[in-house]
Amino acid sequence: MHAYANPTRFLAIARPLTPWLLGLGTVLLLAGAWAGLAVVPGEAKQGETARILYVHVPAAWLGMGGWTALAVSGLVQLVWRHPLAGIAARAIAVPGMLFTALCLATGSIWGKPTWGTWWEWDGRMTSMLVLLFLYAGFIALTMGDTGGNGGQRQGGSLSRGAAVYALVGAINIPIINRSVVWWNSLHQGPSITVRGSSIDGALLWPLGLTLLGFSFLFGAIVLMRMRRIIADNRVAARLRRLADDEGSGV
Amino acid sequence: MTGVISGSGQWAYVVAAYALTALLIAAVLGHSWRAMRKAERRSDALRRDRT
């Protein structure tokens, strides 16, 4: 892993990978959305609204997966001082927050025709809302994280406080996951587990397509944001060198 | 159940969820792409000036 700590080595992989992730993600997402809207039948009890599953579930998984990756990046930065870990954490925060917001919004849209309400303060929805606030807090924390270079620390690294915040926030992930088991909820129980799925295969397969499509697009967004941070860091470093040269009369 | 919507009225909610998804993903993709290109162009231009 440390072999890729060098941003130049990382960019040699990220540059060709970005368009592939973008292209594949778009194709898979469009195919999954088309299958979810036009190919599979409506669900027996919920009718057509069950089709929201194909965008709601991947958004939820990526919102939670995003914070897990953010916490791992925080840990890697704290323990190994990996130069790319802080950059990765910063790059993950905005798409992670977006997919969490998307999960809440599509869940609310699904809730109205199914439960008769847009919102309910139950365990699953409240813990997901807490995740959205955690992302907002992390973004605010890292934006104001020392001055210069658009609010970024030198080299794009995280402050110790931001890295610890990312780790502490990870406690919310198992709470979200188990919320429908621990507390009474309007939200359905876990329908996809490591032991299998309670959803019929005829309705399940488009979820695989949209899940892969969302994941590839999430990866493309993270790579693009990492590339931007690395480019900004290089500009800042060059400007510093230029200023030093001029200051020393070179 | 009070407020539950069935039949063809459900499609409006399905379309709203998919449209919101498409809009948000397209917005963040477009913003990330433009910001990346702008930063990399600036970095490349500065490197060319130095050489």
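Guide: Helices here are DSSP runs of H or I with at least four residues, strands are runs of E with at least two, and both are numbered from the N terminus. Residues are numbered from 1 along each chain as its sequence is written, while chains are lettered from A and ligands numbered from 1 in the order in which they are written. The model is predicted: local features need pLDDT of at least 70 and side-chain atom pairs count only at pLDDT 80 or more, whereas totals for chains, interfaces and linings use all residues.

Start with chain A as a whole. Seven helices and two strands make up its elements. Their order from the N terminus is α-α-α-α-α-α-β-β-α. Along the principal axes, the C-alpha atoms of chain A fill a box of roughly 80 × 35 × 30 Å. Of its 250 residues, 41% are buried, with 20 or more other C-beta atoms within 10 Å of their own, those atoms being placed from the backbone.

Contacts come next. Two residues are in contact if their C-beta atoms, placed from the backbone, lie within 7 Å. Among contacts in chain A with a separation of 6 or more, 79% join residues 24 or more positions apart.

Now the part to look at closely: the side of chain A that touches chain B. There, 31 residues of chain A meet 29 residues of chain B. α1 (7-39), α3 (83-115) and α7 (201-247) of chain A each supply at least two residues of this side. α7(A) gives the largest share, 11 residues. By type, the side of chain A holds 16 nonpolar, six polar and nine charged residues. Nonpolar means Ala, Val, Leu, Ile, Met, Phe, Trp, Tyr, Cys and Pro; charged means Asp, Glu, Lys and Arg; the others, Gly among them, are polar.

The axes of α1(A) and α7(A) come within 6 Å and cross at roughly 150 degrees. Such axes are lines fitted to C-alpha atoms over the stretch in contact, with angles from 0 to 180 degrees between N-to-C directions. α1(A) and α7(A) are therefore roughly antiparallel, a term for angles over 145 degrees. Their crossing is left-handed: the near helix is turned anticlockwise from the far one by less than a right angle. The contact of α1(A) with α7(A) comprises 23 nonpolar residues, seven polar and one charged.

Notes:
Parallel < 35°, antiparallel > 145°, perpendicular 65-115°, else oblique. Buried ≥ 20, exposed ≤ 12 C-beta atoms within 10 Å, placed from the backbone.
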